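Biologist: I would like to go through this model with you. Please set each value against its definition.

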Amino acid sequence: MIPEADILIVGGGLGGVAAALAACRAGSTVIMTEETDWIGGQLTSQGVPPDEHPWVEQFGTTATYRQLREGIRDFYRQWYPLRAEAASLTDLNPGAGRVSKLCHEPRVALAVMNAMLAPHVSGGRLTILTEHRPVTAEADGDLVRAVTVEDIRDGTRRTLTGRYVIDATETGELLELAGVENVIGAEAQSEHDEPHAPEVAQPLNQQGITVSFAISHHEGENHVIDKPQDWEFWRSYQPDFWPGPLLSFTTPDTRATSHNNRMPSFTRTFVPNPEQDPLAVSADQSTDAGDKELWCFRRILARGLHRPGAFDSDISMVIWPLNDYWLKPLIGGGEETTREAEFEARQLSLSLLYWLQTEAPRQDGGTGFPGLRIRPDVTGTEDGLAKATYVRESRRIKAVKTITEREVSLDLLGAYGRTSHRDSVGVGGYRIDLHPSTGGDNYIDVGSVPFEIPLGALLPRRVRNLLPAGKNIGTTHISNGCHRLHPVEWNIGEAAGALAAHCLRESVTPHQVQSEGKRFDEFARVLDRDGVQRRWPDVRGY
């Protein structure tokens, strides 16, 4: 028997988890559904170590996001055989990866998030339905009345209701099901005067997706997988804007300037289990993307941080330019196209693994790393690929406020420029980072300034009781590039959950809270009390 709830959250990714925590903390009852059997989204089921701004250890996140990060570190300190000098570090980076100051295994983040939610589950405030996907939604005018979800294990369907409904799905799926006005793909330059937007709207031009996987390396062993079904295609595939075959260590320099959709190239290195002391690794995205050496780029377990003999290999996540997939759009092309895109993306990742094991050039002049072993134990799947596709771009609500490139661009605002929002409900910071797209665009990776998240971007123009909690807020194809990252998604979800609970408690609507100064001030005090940072200190964009 599923209890009635004040708030229904569809999607258990980072935004959904943060929304559930905020709503339960405020005393609301919550039902949260999740399509996979792991909550946590890009941090867990998608296998993506956190992409964060360089000030994350000091400020620029919510208090609960800091609790999540510290909980992950404490898990390693308590349960892993860390060297004393590693365990004593306040800024311990368990994987010593270069993409983030906190690279770690997906299961550890999963354990910590389950622990954070556990008191609310035990207290009867929170019901979590994993392996349930939304199939239909019922709307009545400007209200979403109910969402029907299907248990993917046995096909059982149940209809769920909540006075507020939060869409925390990875693709903004509920927006489509409930008839909430939304945008996909790239807007025309004339709509928001964005320098990097195309001249005409391109709804099916969306950032590429990636299916991640984890690997370790065992010299002298043979772990070569069977040849993937689409191997011959991916082995020979060369994009028009790429310097050579996609399956090659020579790639575009993602932060270079594009000319006629082409960028300077360079050759990355790949050295499994390097001898460098992982304590010497520094991760700072403002100075170095960290992706020149691929093994350490998204390394999630560094054997050198632990007592000798505890681990015979590092573990590294493979989310590289080499396995970004952009041939077909994930959203808006129909169900068959979506299925094909996900299948082909998985085939690309398997083909990359096979290439690494059999043909990739080694520094000693040989080819192939047969000792590379895919790690199903890390991803929680039979084939070793991530449970879910890493989705960079979602459907986006047509919002009361749309955040545009002009409000976040370093080139347009200057290194210390800011766009201040009266209705700020959080902050974020990251480069405007767009991966190659289904429209044939190369990387767009340009500087941004630290930004505020306006409440108006969380409010659909028409629908009154649905709130977004992730990449589905009111951004554009371009500005989404700096709003899609882990701490920003968490902040958006936390604000959405807190807002829904606040509106229930005060008998007001989200649109009243946003538009009426006194009501917003009351809500802002709730966020301030709960440790949601809403303004930036004077720091430089990057």
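Biologist: Where does glutamate 131 lie?

Modeller: Glutamate 131 is in the loop between strand 3 (126–130) and strand 4 (132–140). Helices (H or I, at least four residues) and strands (E, at least two) are DSSP runs, numbered from the N terminus. Residues are numbered from 1 along each chain as its sequence is written, and side-chain values use heavy atoms, with hydrogens and water left out. This is a predicted model, where local features need pLDDT of at least 70, side-chain atom pairs count only at pLDDT 80 or more, and totals for chains, interfaces and linings use all residues.

Biologist: What is the phi of glutamate 131?

Modeller: Glutamate 131 has a phi of about 55°, a positive value, although it is not a glycine. Serine 507 has a positive phi as well, near 55°, and is also a residue other than glycine. Serine 507 sits in the loop between helix 12 and helix 13 (510–515).

Biologist: What makes isoleucine 374 buried?

Modeller: Isoleucine 374 has 13% relative accessibility, so it counts as buried. Isoleucine 374 belongs to strand 16 (residues 372–374). Leaving out residues up to four places away in sequence, isoleucine 374 touches Phe213, Ala214, Ile215, Leu353, Asp383, Gly384 and Leu385.

Biologist: How far is isoleucine 374 from histidine 217, in sequence and in space?

Modeller: Isoleucine 374 and histidine 217 are 157 residues apart in sequence. In space they are 8.9 Å apart, C-alpha to C-alpha.

Biologist: Now the helices. Why are helix 1 and helix 4 called roughly parallel?

Modeller: Axes are lines fitted to C-alpha atoms, for helices over the stretch in contact, and angles run from 0 to 180 degrees between N-to-C directions. Angles under 35 degrees count as roughly parallel, over 145 as roughly antiparallel, 65 to 115 as roughly perpendicular and the rest as oblique. The axes of helix 1 (residues 14–25) and helix 4 cross at roughly 30° and come within 10 Å. Helix 1 and helix 4 are therefore roughly parallel to each other.

Biologist: Which residues of helix 1 and helix 4 meet?

Modeller: Leu14, Val17, Ala20, Leu21, Cys24 and Arg25 in helix 1 meet Met113, Met116, Leu117 and His120 in helix 4. Ala, Val, Leu, Ile, Met, Phe, Trp, Tyr, Cys and Pro count as nonpolar, Asp, Glu, Lys and Arg as charged, and the others, Gly among them, as polar. By class, this contact of helix 1 with helix 4 has eight nonpolar, one polar and one charged residues.

Biologist: What makes helix 2 and helix 4 oblique?

Modeller: The axes of helix 2 and helix 4 (residues 106–122) cross at roughly 125° and come within 9 Å. Helix 2 and helix 4 are therefore oblique to each other. Thr64, Gln67, Leu68, Gly71, Ile72, Phe75 and Tyr76 in helix 2 meet Val108, Ala109, Ala111, Val112, Met113 and Met116 in helix 4. The residues of this contact of helix 2 with helix 4 divide into 10 nonpolar, three polar and no charged.

Biologist: Why is helix 2 called oblique to helix 12?

Modeller: Helix 2 (residues 63–79) and helix 12 (residues 486–506) pack at about 130°, with their axes 9 Å apart. That angle makes helix 2 oblique to helix 12. Thr64, Tyr65 and Leu68 of helix 2 make the contact with His486, Pro487, Trp490 and Glu494 of helix 12.

Biologist: How many disulfides are there?

Modeller: A disulfide is a pair of cysteine sulfur atoms within 2.5 Å. By this rule the count is zero. Cysteine 296 is in no disulfide, as the nearest cysteine sulfur, that of cysteine 103, is 10.0 Å away.

How values were computed
Contact means heavy atoms within 4.5 Å. Buried means under 20% relative accessible area, exposed over 50%, partly exposed in between (1.4 Å probe, protein chains only).
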